[in-house]
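Subject: Structure handover

Hello,

Here is the structure for you to look at. My notes follow below it.

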Amino acid sequence: QPTQVKPSLQSILAGVDRLEKITENYLKLSRLSSGQKKQIDLGVVLERVLATYASLCESQGVKVDWRREQRAVLTVNGDADLIEQALGNLLRNSIQAGATEIHFPLGNTETQKVWLKIQDNGPGIPSEIKEKLFSPFVTTRAEGTGLGLSFVKQVFEEHGGDIVYQEQSKGACFEMTI
């Protein structure tokens, strides 16, 4: 019957779109090390991410801010596009989780690496997935691919850094070093 065909086709097309996203993200993961690294300022990269997501944040009523620790030097050798994608993934995750406030403090470690946190007031990470949080294909969203956090981790590892999830009483907090 014609009325049943349309929902079936929509379901098939949605499945194809989802598979396309999974494949695209998987290919991104496999090509990471080919990025172009040069001297960049993480503050400038973060500002570009926030500009990209400004209208989404405004439409969702999400307040976002960032601050540089006093006298912090945020210059690193890296691929600005990859880092921008990684930070965009984290920001989008916070928004999709329902956070209404997101903070990005930045500073330097004692060894002069740059650290960057994303802290939000969303629901946090369910305890059952914390152990495998950065593994590919782990997701809490029905439409998620589960590649976002593994992509972010690989980006920071490719830049000589790391990302860790930090427990807090409310919301989620990820700390990255580079």
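Which strands does H4 lie across? Helix H4 lies across S2, S4, S5, S6 and S7. H4 runs at about 15° to S5. Angles run from 0 to 180 degrees between N-to-C directions, and axes are lines fitted to C-alpha atoms, for helices over the stretch in contact. Contact means heavy atoms within 4.5 Å. Helices (H or I, at least four residues) and strands (E, at least two) are DSSP runs, numbered from the N terminus.

Some ground rules. This is a predicted model, in which local features need pLDDT of at least 70, side-chain atom pairs count only at pLDDT 80 or more, and totals for chains, interfaces and linings use all residues. Residues are numbered from 1 along each chain as its sequence is written, and side-chain values use heavy atoms, with hydrogens and water left out.

The sheet

It is an open sheet of five strands with mixed pairing, in the order S2-S4-S5-S7-S6. Two strands pair if DSSP finds at least two bridges between them. S2 and S6 are the edge strands, and each pairs on one side only. From one strand to the next, the twist averages 15°. S6 and S7 pair in the antiparallel sense, over four bridges. Val164 stands opposite Glu175 in S7.

The core

The largest nonpolar core has 41 residues. Such a core is a set of buried Ala, Val, Leu, Ile, Met, Phe, Trp, Tyr and Cys residues joined through side-chain atoms within 4.5 Å. Buried means under 20% relative accessible area, exposed over 50%, and partly exposed in between (1.4 Å probe, protein chains only). Leu87, Leu90 and Phe174 have the most contacts inside this core. H2, H4 (80-97), S4 (101-108), S5 (114-120), H5 (148-158), S6 (162-165) and S7 (173-177) each supply at least two of its residues. The largest share, eight residues, comes from H4.

Asn89 in H4

Is Asn89 buried or exposed? Asn89 is found in H4 and is buried, with a relative accessible area of 13%. Its side chain is joined to that of Arg92 by a polar contact of 2.5 Å. A polar contact is a pair of N or O atoms within 3.5 Å; within protein, one must be able to donate a hydrogen and the other to accept it, and residues adjacent in sequence count only if both atoms are side-chain atoms. Leaving out residues up to four places away in sequence, Asn89 touches Gly148, Phe151 and Val152.

Helix H2

H2 covers residues 42-52, and its buried residues are Leu42, Gly43, Val45, Leu46, Val49 and Leu50. Why do they sit on the same side of H2? Because they cover an arc of only 160° around the axis. That arc is taken from the directions from the helix axis to the C-beta atoms. Ala51 and Thr52 are exposed on the other side. At the start of H2, a side-chain oxygen of Asp41 reaches to within 2.6 Å of the backbone nitrogen of Gly43.

Two positive phi values

Arg71 is not a glycine, yet has a positive phi of about 60°. Arg71 is in the loop between S2 (63-68) and S3 (75-78). Arg71 counts as exposed, at 71% relative accessibility. Gln112, also a residue other than glycine, has a positive phi near 70°. Gln112 is in the loop between S4 and S5. Gln112 is exposed too, with a relative accessible area of 56%.

Best wishes
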